[in-house]
Amino acid sequence: MILSTFYRDTWVEINLDHIHDNVQAMRNHIADDVQIIAVVKANAYGHGYTQVARTALEAGATMLAVAFMDEAIFLRKQGIQAPILVMGATRPEDLSDAVKFNVIITISQAEWLHEALKFYHEDQAIHLHVKLDTGMGRLGVRTEAEIKAIEAVVNNDKRLVLHGAYTHFATADEINTTYLEQQYRMFQEMLDWFAEKPSMIHCANSAAALRFPHKLFNAIRFGISMYGLTPSVDIKPQLPFPLKEAFSLHSRLSHIKLVSPGNSISYGATYTTKQEEWIGTVPIGYADGWLRKLRNNEVLVNGVRIPIVGTICMDQMMVKLNNEVPVGTQVTLIGQQLNNFIQVDEIAEQLDTINYEITCMINYRVPRLYIRNNSVIEVVNHLK
C-alpha cells in the first residue's frame, strides 16, 4: 500500500508519538495553569500542518499559532477547530476572512485597526492579540501611547476583543541571559501600561519555557522543541527533560556499480576513485532540499556511516559503499539506523545553520510518512 503512494524511494518519516511525548513532557514541566500554544507555522517546521496540529492538541496543547492567514485558513479547512493565532502581519482588508474563519489576529498599531474596520461591516467579535516589541525589532508596539491608542479603539467598538498580549525573546537560546532579562523587564513594564490587561499573556518560546519556568505568565509558545529539537546547541546541557526527534529522512539505493581506480564521479569530476570502489546512487538531491554543500557529509547504510562522494545533483547523489549491497538497500540521511544516529543538528552544523532550517528545507516533493505506535498511519504525497 505504501509503495503505491509514491514512485521514488525517498521519503520523510514523522514520528507523531515523539511529538506527543514532547508536548506531554512540556505539559508536565510547566504549571497546570499555563497553556501550551503549539506553533505549527511553515508546514509545522516541515513536519506537516494537520498531523502535527492534531497530535499536539491531543497531547495537551490548547491553541495553535501560525505565521499568516493562509496557514490558519488551511487548518480550518482541514477540520481543526482549536483557537488559532496568526503571529505575522495581516492586511486590513482581510479582517473579514479572519473573523469568518475564527482566527485570532496579531495587531501592532491603532492605525491598523482604524483601517481594518473600514472593511468590516459584520457584528461578529474580532479577537486580537497585541504584540509588544521589547527588543526583537520586528512587529510590535513600543510606547505607552501606542497601547493607549489601541485600547481606545477597542473600548469604542464592542466587536473588538483584546484577548492577549505577547512578546518574543531574541536571545532565549543563548547562555548569556542579560538581553533576555532586559526584554523580560520591559515586557513587565509594558503590561502595566494597559488599563486592563488582556486575559492571555505569553512571552516564552521553547527555549524560555525549557529554561525559565518562572517567566511563563499563563501561556507558552511551543515551537522547535515540540519537534524534538533543541533551540540551540549551547543550551543542550540545560534541558530539563530529553527531547525526542520526530523527523527522519530516508532513501534507497537505486543503482550500484564497481568502479575501477582513476574514474571520476558526478559533475565537475570532483571525486576520483583511488582504488576499486563500490559506488551507490541515491535518488535524492538539492531539488529535494539536500543541498550541494552536504557533499562531504555521511549517510547510514546497514547502520554504518558511509561518505557521500562527488557533487550532489538535482535529483540524485552518489555514496561510497564499504562493500557490495543490494539495490533497494535503505539509506538514512537523518535519523536512526540500527545503533547509529544522524541528528538534525549534525546536518545543521555541516551547513553552518540552525536545525529549524533543516526540517523546513526538505522539499514538499518528498513524501511524508506518519508513524504512530511503530506503524504508518498516513502517507502524504504532495504530487498526488
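## The loop residue Gln-275

Gln-275 is found in the loop between β13 (271-272) and β14, where strands are DSSP runs of E with at least two residues and helices are runs of H or I with at least four residues, numbered from the N terminus. At 47% relative accessibility, Gln-275 counts as partly exposed, because that class lies between buried, which is under 20% relative accessible area, and exposed, which is over 50%, with a 1.4 Å probe and protein chains only. Leaving aside residues up to four places away in sequence, Gln-275 touches Val-259, Ser-260 and Pro-261, a contact being heavy atoms within 4.5 Å. Gln-275 and Ala-246 are 29 residues apart in sequence and 39 Å apart in space, taken from C-alpha to C-alpha.

This is a predicted model, in which local features need pLDDT of at least 70 and side-chain atom pairs count only at pLDDT 80 or more, while totals for chains, interfaces and linings use all residues. Residues are numbered from 1 along each chain as its sequence is written, and side-chain values use heavy atoms, with hydrogens and water left out.

## Strand β14 and its partners

Strand β14 (residues 277-282) is largely enclosed by the rest of the structure, because 5 of its 6 residues are buried. Strand β11 (residues 255-259) runs antiparallel to β14 and is joined to it by 5 bridges, two strands being paired if DSSP finds at least two bridges between them. β14 also pairs with strand β17 (residues 317-321), again in the antiparallel sense and over 5 bridges. Thr-281 takes part in both pairings, as the bridge partner of His-255 and as the residue opposite Met-318 in β17.

## The hairpin of β15 and β16

Strand β15 (residues 298-301) and strand β16 (residues 304-309) pair in the antiparallel sense over 4 bridges, and the bridge partner of Val-299 in β16 is Ile-306. The hairpin has 2 residues between the strands, and Asn-302 takes a positive phi near 55° there. β15 pairs as well with strand β18 (residues 330-337), in the antiparallel sense over 2 bridges, with Val-301 standing opposite Val-331 in β18.

## The barrel and the helices on it

A closed barrel of 8 strands runs β2-β3-β4-β5-β6-β7-β8-β9, with parallel pairing, and the twist averages 30° from one strand to the next. Within this order, 6 bridges join strand β6 (residues 126-131) to strand β7 (residues 160-166), and Leu-128 stands opposite Leu-162 in β7. Helix α6 packs on the sheet, where it touches β5, β6 and β7, and its direction makes about 135° with that of β5; such angles run from 0 to 180 degrees between N-to-C directions, with axes fitted to C-alpha atoms, for helices over the stretch in contact.

The axes of helix α6 (residues 110-117) and helix α7 (residues 144-155) come within 8 Å and cross at roughly 30°. The two helices are therefore roughly parallel to each other, a class that covers angles under 35 degrees. Ala-110, Leu-113, His-114 and Leu-117 in α6 meet Ala-149, Ile-150, Val-153 and Val-154 in α7. By class, this contact has 7 nonpolar, 1 polar and no charged residues, where Ala, Val, Leu, Ile, Met, Phe, Trp, Tyr, Cys and Pro count as nonpolar, Asp, Glu, Lys and Arg as charged, and the others, Gly among them, as polar.

## Helix α3

Helix α3 (residues 49-59) is mostly covered, with 8 of its 11 residues buried, among them Tyr-49, Gln-51 and Ala-59. Just after α3, Gly-60 takes a positive phi of about 135°.

Notes:
Parallel < 35°, antiparallel > 145°, perpendicular 65-115°, else oblique.
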